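Please examine the sequence and the structure shown below before reading on. This briefing then describes the fold, the charged pairs and several individual residues.

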Amino acid sequence: MKKAKVIFIILTIACLSFIWINSSLDGVESSGVSGGVMGAINKFIMSLGFKKEFSEHLIRKTAHFTEYAGLSFLLTTDFKLFYYDVKYYWNKVLFSGLLVAVIDETIQLFPKGRSSSVVDVWIDFAGVFSAFVVTLILYKFLEKKNIVKFKTRAVDKVDSRKGV
């Protein structure tokens with residue numbers, strides 16, 4: 001279990017780095033990255049026979065949601081490995097995700113050609129919340145099927161008997 005904790009913390013730090021490094025790109029670099037992703041996705045979509053292409057705006061907003069969903073999965077796993085019972089960590093996951101989104105948009109105030117958006121914070125948080133719920137359901141299913149077992153801490157057992 002200790003190895004899993006270390007691995008997931010490292011993955012979470014890598015995800016945070018990815019998010020904040022992308023935020024620090026200037027407008028031209030950021031647009032180039034989005035344009036490259038858009039080109040690859042549109043090429044794939046066209047190869048399937050679809051005629052409609054995705055816009056850079058849709059790609060950017062989808063990227064916000066997706067990267068924060070990934071972060072939420074990692075944060076939920078991190079906190080579950082340390083606290084097990086969701087009542088001890090749900091607020092930590094959601095607050096951490098929101099804090100990262102606010103910091104992300106604040107970083108974007110500084111590079112040339114970039115701006116900050118409250119709408120992006122809401123999109124980011126929607127990714128955090130959605131993935132949090134899906135991850136809880138996934139872990140509940142995996143535990144029920146005995147595919148994954150999270151160890152309970154002694155304090156979780158004691159507190160749950162007290163109803164705390």
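The points that follow are grouped by topic, from the whole chain to single residues.

This is a predicted model, in which local features need pLDDT of at least 70, side-chain atom pairs count only at pLDDT 80 or more, and totals for chains, interfaces and linings use all residues. Residues are numbered from 1 along each chain as its sequence is written, and side-chain values use heavy atoms, with hydrogens and water left out. The protein chain contains 6 helices and 0 strands, where helices (H or I, at least four residues) and strands (E, at least two) are DSSP runs numbered from the N terminus.

**Overall architecture**

- Along the sequence, the protein chain shows the pattern α-α-α-α-α-α.
- Taken along the principal axes, a box of roughly 55 × 40 × 25 Å is filled by the C-alpha atoms of the protein chain.
- The protein chain has 164 residues, and 32% of them count as buried; buried means under 20% relative accessible area, exposed means over 50%, and partly exposed lies in between (1.4 Å probe, protein chains only).
- Among contacts in the protein chain with a separation of 6 or more, 74% are between residues 24 or more positions apart; a contact means heavy atoms within 4.5 Å.
- The protein chain has an accessible surface of about 10,200 Å², and 71% of this surface belongs to carbon and sulfur atoms. Accessible areas come from the Shrake-Rupley method with a 1.4 Å probe, and for residues only the protein chains shown count as cover.

**Charges and salt bridges**

- The protein chain carries 22 positive and 14 negative side chains, and the centres of the two sets are 12 Å apart. Lys and Arg count as positive and Asp and Glu as negative, while His and the chain ends are not counted. Each charge is placed at NZ of Lys, CZ of Arg, CG of Asp or CD of Glu.
- Side chains of opposite charge can pair when their charged atoms come close.
- The whole structure holds 3 salt bridges, a salt bridge being a side-chain nitrogen of Lys or Arg within 4 Å of a carboxyl oxygen of Asp or Glu.
- Glu56 pairs with Arg60 in a salt bridge whose closest N and O atoms are 3.2 Å apart. These two residues are 4 residues apart in helix H3, and therefore about one helical turn separates them. Glu56 is partly exposed at 24% relative accessibility, and Arg60 is partly exposed at 26%.
- Asp120 and Lys61 form a salt bridge with their closest N and O atoms 2.5 Å apart. This pair links distant parts of the chain, since Asp120 is in helix H5 (residues 118-144) and Lys61 is in helix H3, 59 residues apart. Asp120 is buried at 6% relative accessibility, whereas Lys61 is partly exposed at 22%.
- Lys80 and Glu143 form a salt bridge in which the closest N and O atoms are 3.8 Å apart. This pair also links distant parts of the chain, with Lys80 in helix H3 and Glu143 in helix H5, 63 residues apart. Lys80 is buried at 7% relative accessibility, and Glu143 is buried at 17%.

- Glu67 lies in helix H3 (residues 56-83).
- Apart from residues up to four places away in sequence, Glu67 touches Cys15, Phe18, Ile19 and Asn22.

**The nonpolar patch**

- Val33, Val37, Ile41, Phe54 and Leu58 make a nonpolar surface patch of about 370 Å². Patches consist of residues with over 30% relative accessible area and no salt bridge, with like charges joined within 9 Å and nonpolar side chains (Val, Leu, Ile, Met, Phe, Trp, Tyr) within 5 Å.
- Helix H2 (residues 27-47) supplies the largest share of the patch, 3 residues.
- Leu58 belongs to helix H3 and is partly exposed at 37% relative accessibility.

**Two further residues**

- Ser34 is in helix H2 and is buried, with a relative accessible area of 10%. Leaving aside neighbours within four places in sequence, Ser34 is in contact with Glu56, Ile59 and Arg60.
- Phe95 is in helix H4 (residues 90-107) and counts as exposed at 54% relative accessibility. The C-alpha atoms of Phe95 and Val128 are separated by 9.6 Å, and these residues are 33 residues apart along the chain.
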